[in-house]
Amino acid sequence: MKILLHICCGPCSISPIAQLRDLGHQLEGFFFNPNIHPYKEFERRLDTLKEYAAAVDLPLTIDGRYLLEEFLSEALRGDRLRCEGCYEMRFRVAAAMAKQLSCDAFTSTLLVSPYQKHDLIREVGERVARETGLPFYYVDFRPGWQQGVQISRERQMYRQPYCGCIFSEKERYCKSK
Ligand code: SF4
C-alpha cells in the first residue's frame, strides 16, 4: 500500500519507517505538529526530521504552520483529554493530506512511543478514518522503540526531553511540591 506516515519527530520516525518498509509499503512522510512549543523547539525538531528524511530517502511533505492559538483552544476545551484533541487535530490534517497524495491509508509515528496514550491514538485514528473515509493503518510500533532510541543516539540526532506542548514541558520540569 501507499501509506502516509504522520511524523511527530525524527527520532520517533526511525523504527516506523523501517517496519513499514519491511512490510513492503511505499511511504509518504508528513510533518504537521502544531502541538510543539515554543517555536524554536518546533524548528529544531523539524530540522532534525528534514535531515533524517533526506538520509533515508523518505519523501517528506511539511505543513509548517505554527498554530499555537488553535492548539491551545483545542487543548483547553475541557470536555475531553488534552491529548485526545491534540491527536485529533493532527490526524484530521494528516488524513486530508493522505487523500491529496492518493495514499491508501494513514498512520502515525506516535504509535511507537511507550510514553504516549497508545490506545487513545488508535481510537482517534480510527474515528478520523470513519469520518474521512480514509483507513487508519494501525501498527503497534513499540517493539522497535528501543532500537530507534539507539540509532538516534548513534546518529547524534536531537532528542527532545518533553512531548511537545507547554503543558508537557511543565510536567517535565516544574516539580512543585
Ligand atoms: S502531552 Fe503531547 S500528546 Fe498530549 S497534548 Fe501535549 S503535545 Fe499533545
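Colleague: How many residues does the largest nonpolar core have?

Modeller: Keep in mind that this is a predicted model. Among the residues with the most contacts inside the largest nonpolar core are Leu4, Ile17, Leu20 and Phe106. Elements that give two or more residues to this core include β1 (2-6), α1 (10-22) and α6 (145-154). The number of residues in the core is 52.

Colleague: Which element gives the most to this core?

Modeller: Among the elements with two or more residues in the core are the helices α2 (39-55), α3 (68-75), α4 (82-100) and α5 (118-132). With nine residues, the one that gives the most is α4.

Colleague: Is Leu20 buried or exposed?

Modeller: Leu20 is found in helix α1. Leaving out residues up to four places away in sequence, Leu20 touches Ile3, Leu5, His25, Leu27, Thr107, Tyr137, Val139 and Phe141. Its relative accessible area is 0%, and buried means under 20%, so Leu20 is buried.

Colleague: How far apart in space are Leu20 and Ile3, C-alpha to C-alpha?

Modeller: Ile3 is among the residues that Leu20 touches. Along the sequence the two are 17 residues apart. From C-alpha to C-alpha, the distance between Leu20 and Ile3 is 8.8 Å.

Colleague: Which residues is Ile17 in contact with, leaving aside neighbours within four places in sequence?

Modeller: Ile17 is one of the residues with the most contacts inside the largest nonpolar core. With its neighbours within four places set aside, its contacts are Leu5, Leu27, Tyr52, Val56 and Leu58.

Colleague: Let's turn to the ligand. Where does the ligand sit?

Modeller: Start with what surrounds the ligand: among those residues are Asn35, Phe71, Arg82, Tyr87, Gln116 and Ser168. By class, this shell has six nonpolar, four polar and two charged residues. The ligand itself sits in the largest pocket.

Colleague: Which element gives the most to the shell around the ligand?

Modeller: Cys83, Cys86 and Arg90 are among the residues surrounding the ligand, and α4 spans residues 82-100. With five residues, the element that gives the most to the shell is α4.

Colleague: Is Thr61 buried, partly exposed or exposed?

Modeller: Thr61 lies in strand β3 (residues 60-62). Apart from neighbours within four places in sequence, its contacts are Gly29, Phe30, Phe31, Met97 and Leu101. Buried means under 20%, and the relative accessibility of Thr61 is 21%, so Thr61 counts as partly exposed.

Colleague: Which peptide bond is cis, with omega near -10 degrees?

Modeller: Most peptide bonds are trans. The cis bond is the one from His37 to Pro38.

Colleague: What is the phi of Asp57?

Modeller: Most residues other than glycine have a negative phi. Asp57 is in the loop between α2 and β3, and Asp57 is exposed, with a relative accessible area of 64%. Its phi is positive, near 55 degrees.

Definitions and conventions
Residues are numbered from 1 along each chain as its sequence is written. This is a predicted model: local features need pLDDT of at least 70, side-chain atom pairs count only at pLDDT 80 or more; totals for chains, interfaces and linings use all residues. Side-chain values use heavy atoms; hydrogens and water are left out. A nonpolar core is a set of buried Ala, Val, Leu, Ile, Met, Phe, Trp, Tyr and Cys residues joined through side-chain atoms within 4.5 Å. Buried means under 20% relative accessible area, exposed over 50%, partly exposed in between (1.4 Å probe, protein chains only). Helices (H or I, at least four residues) and strands (E, at least two) are DSSP runs, numbered from the N terminus. Contact means heavy atoms within 4.5 Å. A residue is near a molecule or strand if one of its heavy atoms lies within 4 Å of it. On a 1 Å grid over the protein atoms alone, a cavity is a set of points where a 1.4 Å probe fits but cannot get out, and a pocket is an open set with protein on both sides within 12 Å along at least five of seven lines; lining residues have an atom within 4 Å of a point. A molecule sits in a cavity or pocket if more than half of its atoms lie within 2 Å of its grid points. Ala, Val, Leu, Ile, Met, Phe, Trp, Tyr, Cys and Pro count as nonpolar, Asp, Glu, Lys and Arg as charged, and the others, Gly among them, as polar.
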